[in-house]
Amino acid sequence: MSSLNDINSEHQENHLTNTDTPTLTNENNEEIMKKKKRKLKIFLLNLWFGFNAWGGPMAQIALIKDTLVIKGKWITIPRFNRVFGVYQIVPGPEATELCMFFGCLSGGRLGGFLAGLGFVLPGFTLILLFSYIYVIVGLNNVYFNASFRALQPIVSAMVLRATHKIAEHALMSHTTHRFSYWLFGMAILAAIQTTVNFNYFITLGVCGIAYMFIERKLYWIGIAVILLELVGYGIYIGINKAIPSPSSLGIGVAKADPGSGPDPGHTFALGLVAGSSSFGGAYVTIPFLQAEAVTIGQWMTVSTFLDSIAIGNIIPSPLVMFSTFLGFQAGYLWGGHNIGYGLLGGLLIAVGMLFPCFLFTILGYNLLEKLVRNKFLAAFFDGISGTVVGIIAVTALDLLKSSVTSNTGLTDVSQQDLPILLAKNSSLAAVLYVLTLAALYGYNKPNLSLWLIIFGAIAGQFLFVN
């Protein structure tokens with residue numbers, strides 16, 4: 001790719017490897033034109049990354065590292081590892097943040113913005129297209145239904161496998177670099193609290209604060225923080241004579257009138273809150289988005305929510321862009337089944353979701369590194385990351401139940417035949433779930449998720465066309 005070679009040579013000539021932000025100099029017209037061309041090349045390079053962003057975050061990060069670090073030699077491998085470590089802690093998709101880091105390195109803050117825009121643009125455009133096709137074809141199409149019915153258990157298995165992968169690094173202490181039984185305990189506590197409808201943000205905040213003290217070996221203070229939370233929960237149950245309702249899991253930022261979706265302002269807010277809490281990647285946003293759209297807002301079914309994740313897995317994009325599908329559905333419903341409002345909703349939730357990522361990265365890596373090196377803040381982020389594992393695990397099991405027992409495609413079936421078909425479809429879904437888990441644990445191949453989605457869509461035509 002010629003533009004890649006050009007920008008590599010220009011990068012090395014200008015010795016920009018040690019600065020994250022542009023410098024002010026006296027520039028003539030020729031220098032200004034060179035900078036404009038450089039920024040265009042940055043955008044095109046990351047657009048190319050975006051079109052080749054198959055296989056999830058690890059494959060995307062490997063592509064960026066191989067192209068810009070190993071071959072391009074923009075920075076050393078040790079420095080890349082330090083940078084990647086920082087972006088693993090702050091909210092947002094790591095691959096997008098790395099693209100923006102290199103964009104800032106080569107073209108200042110505007111270069112960082114253009115790099116991020118180029119990387120997410122292909123996936124954003126494609127998921128809007130799929131969202132449009134989804135509402136146009138509709139769930140009344142038997143073949144459309146059959147493919148997505150097969151994809152639901154496959155996606156549920158992917159979420160469970162992702163939970164295990166996240167746990168492998170989220171339950172490691174950044175100070176000892178060993179498995180932390182304290183973080184594991186907080187994950188268990190978070191799972192229990194989620195099953196009894198404890199608010200996600202209270203759980204994350206309390207465990208993050210508690211771990212700040214525990215990491216400093218102030219164990220009794222950390223334990224006291226958790227006990228105070230549990231006492232407060234007990235008082236709530238005593239007053240109300242019942243555990244909180246499922247609507248207590250979220251904050252109700254995307255509530256809607258029956259038969260409608262949230263208005264554009266609340267759609268943007270949904271993306272902003274989800275993006276701000278996406279410590280550890282896209283899968284971390286799934287419990288919150290499900291709670292807001294399915295449980296509290298009730299403008300989306302669990303089946304449709306699983307479909308959105310499936311679509312997010314078949315396009316070259318950060319998985320977090322599956323939220324664009326949710327925004328499209330929200331706008332489409334709010335606008336009275338108007339495609340224009342659907343496109344607006346998809347744009348707003350994507351902007352909200354990516355805003356924290358763009359903000360943190362463009363502020364500069366050096367500032368982020370200082371924040372992360374703060375021992376209290378680092379311990380707080382570690383506590384949140386460990387706690388998230390328990391929340392995702394419960395969500396993964398909830399999605400398993402919904403995907404196996406779903407009645408997708410059976411709305412027009414007679415009451416006499418419904419129990420038999422439900423039992424048949426549930427059995428087939430359970431088999432697909434087990435086979436997908438076996439494949440995910442047995443093979444570590446690039447683009448495996450994509451091939452599983454393609455296999456599921458085809459298999460659905462043979463298994464679920466009634």
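I began with contacts (heavy atoms within 4.5 Å) and found that, among those between residues at least 6 apart in sequence, 74% join residues at least 24 apart. I note that this is a predicted model, in which local features need pLDDT of at least 70 and side-chain atom pairs count only at pLDDT 80 or more, while totals for chains, interfaces and linings use all residues. Residues are numbered from 1 along each chain as its sequence is written, and side-chain values use heavy atoms, with hydrogens and water left out.

I then looked up the burial, and 53% of the 466 residues are buried (under 20% relative accessible area, 1.4 Å probe, protein chains only).

For secondary structure I read 18 helices and zero strands, taken as DSSP runs (H or I, at least four residues, for helices; E, at least two, for strands) numbered from the N terminus.

Next I took helix α4 (residues 77-89) and helix α5 (residues 94-137), whose axes lie 10 Å apart at an angle of about 130°; axes are lines fitted to C-alpha atoms over the stretch in contact, and angles run from 0 to 180 degrees between N-to-C directions. That angle makes α4 oblique to α5, since angles under 35 degrees count as roughly parallel, over 145 as roughly antiparallel, 65 to 115 as roughly perpendicular and the rest as oblique. Among the residues making this contact are Phe80 and Phe84 of α4 and Phe101 and Phe102 of α5.

Last, I checked helix α7 (residues 181-195) and helix α9 (residues 219-240), whose axes come within 13 Å and cross at roughly 5°, which makes α7 roughly parallel to α9. Their contact includes Trp182 and Met186 of α7 and Tyr219 and Ile223 of α9.

Definitions and conventions
Buried means under 20% relative accessible area, exposed over 50%, partly exposed in between (1.4 Å probe, protein chains only).
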